[in-house]
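This report looks at a single protein model and asks how selected residues are placed within it. Please have the sequence and the three-dimensional view open while reading.

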Amino acid sequence: MDLFYRDTLIGIPLLLLHGFPLDHTIWQKVIQKMDKRIRIIAPDLRGHGRSMGSVTNFSITDMAQDVIRLIDRLKIEKVIIAGHSMGGYVALDLYRHFSERLIGLALVSSNVKADSIEKKRQRMDSIDKIYAQGVSYALADMPNLLSHDPDVKNVCAKIIAKMDLIGAIGAQYAMAGRKSSVKIWRSMKIGQMVISGSDDQLISIETSRKISRQSRNSVLIEIENAGHMPMLEEPNKVAEAMKKFILNDQRS
Ligand code: MLT
């Protein structure tokens, strides 16, 4: 499907993919702090934000194909991608299928493994709850898990309140069905970065350290006092890390 997106138009292309159940606006503060030599393209992924109206049975690969379609439409051949949590799953899948289109990949509070049996079961429970109660009620605890910062919780709660029910269910199925990207991550031939908040309750700092150690190419950026939303909690630090990753290595 055609995705809604924001584009700063000029510079080395950096695609920012948001997590679940959020949208491109989580990157707003990072976009404001970004170097003018970097072009940011921030879409709403399928089922999220203004890219709604999809069926419930879609996969992470469908979401990755939407992103490829977007960069094709923008006539961009190669990009650097930073994926937040679910956006990281999409970025890894994009590398699996279209590795020639990527010149760098950053995982922000994300994971390279597939869901465990227990995690899949939790997602099916969450789907039942979303059907029965609607997104806002079913995901009422989510902002508390995303951050300990009241302002960030508030921003996230407002985005979640706008989340489409069909999109929320579809994304849960998509995440439950995704493959492991461990081997792909280990054998990547491009620059890799892992950004993680020290207090992330959803994907622990230990998990991120382990992911970064799994690849020779990867740099790890640990952000103190941040949770699962470092781009909102510490936007300066996230923007600095991305600038360094992109400009120092001259990946253009
Ligand atoms: C996210 O932040 O995108 C989700 O919590 C990821 C997940 O549910 O695996």
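## An exposed loop residue

In this predicted model, Val 55 is placed in the loop between strand 3 (38-43) and helix 2 (60-73). Val 55 counts as exposed because its relative accessibility is 52%, and the cut-off for exposed is over 50%.

With a relative accessible area of 3%, Ile 38 is buried, whereas Val 55 is exposed. Although Ile 38 and Met 242 are 204 residues apart along the chain, a separation of 9.6 Å is found between their C-alpha atoms.

Asp 7 is found in strand 1, which covers residues 5-7. This residue is classed as buried because its relative accessible area is 17%, and buried means under 20%. The side chain of Asp 7 takes part in a polar contact of 2.7 Å with the side chain of Arg 39, and a polar atom of the Asp 7 side chain also lies 2.8 Å from the backbone nitrogen of Leu 9.

## The ligand and its surroundings

The residues around the ligand are Gly 19, Phe 20, Ser 85, Met 86, Tyr 89, Arg 123, Met 142, Met 175, Leu 202 and His 228. Sorted by class, this shell has six nonpolar residues, three polar residues and one charged residue. The space that the ligand takes up is the largest pocket.

An oxygen atom of the ligand is 2.6 Å from a side-chain N or O atom of Tyr 89, and an oxygen atom of the ligand is 2.7 Å from a side-chain N or O atom of Arg 123. For Phe 20, it is a backbone N or O atom that lies 2.7 Å from an oxygen atom of the ligand. The ligand taken alone exposes 260 Å², and the protein buries 93% of that area.

## Backbone geometry beside the ligand

Phe 20, one of the residues around the ligand, is joined to Pro 21 by a cis peptide bond with omega near -10°. Pro 21 itself is found in the loop between strand 2 (12-17) and helix 1 (28-33).

Ser 85, also among the residues around the ligand, has a positive phi of about 50° although it is not a glycine. Its place is the loop between strand 4 (79-84) and helix 3 (86-98). Is Ser 85 buried or exposed? Ser 85 is buried, because its relative accessible area is 9%, and the cut-off for buried is under 20%.

Asn 225 counts as exposed at 52% relative accessibility, whereas Ser 85 is buried at 9%.

Definitions and conventions
Residues numbered from 1 in each chain as written. Predicted model: local features only at pLDDT ≥ 70, side-chain atom pairs only at ≥ 80, totals over all residues. Heavy atoms only, no water. Near = heavy atom within 4 Å. Polar contact = N/O pair within 3.5 Å; in protein donor to acceptor, adjacent residues only side chain to side chain. Areas by Shrake-Rupley, 256 points an atom, 1.4 Å probe, with all protein chains shown as cover. 1 Å grid on protein atoms, 1.4 Å probe; cavity = no way out; pocket = protein on both sides within 12 Å on 5 of 7 lines; lining within 4 Å. Sits in = over half its atoms within 2 Å of the grid points. Nonpolar A, V, L, I, M, F, W, Y, C, P; charged D, E, K, R; others polar. Helix = DSSP H or I, 4+ residues; strand = E, 2+ residues; numbered from the N terminus. Buried < 20%, exposed > 50% of the residue type's maximum accessible area, 1.4 Å probe, protein only.
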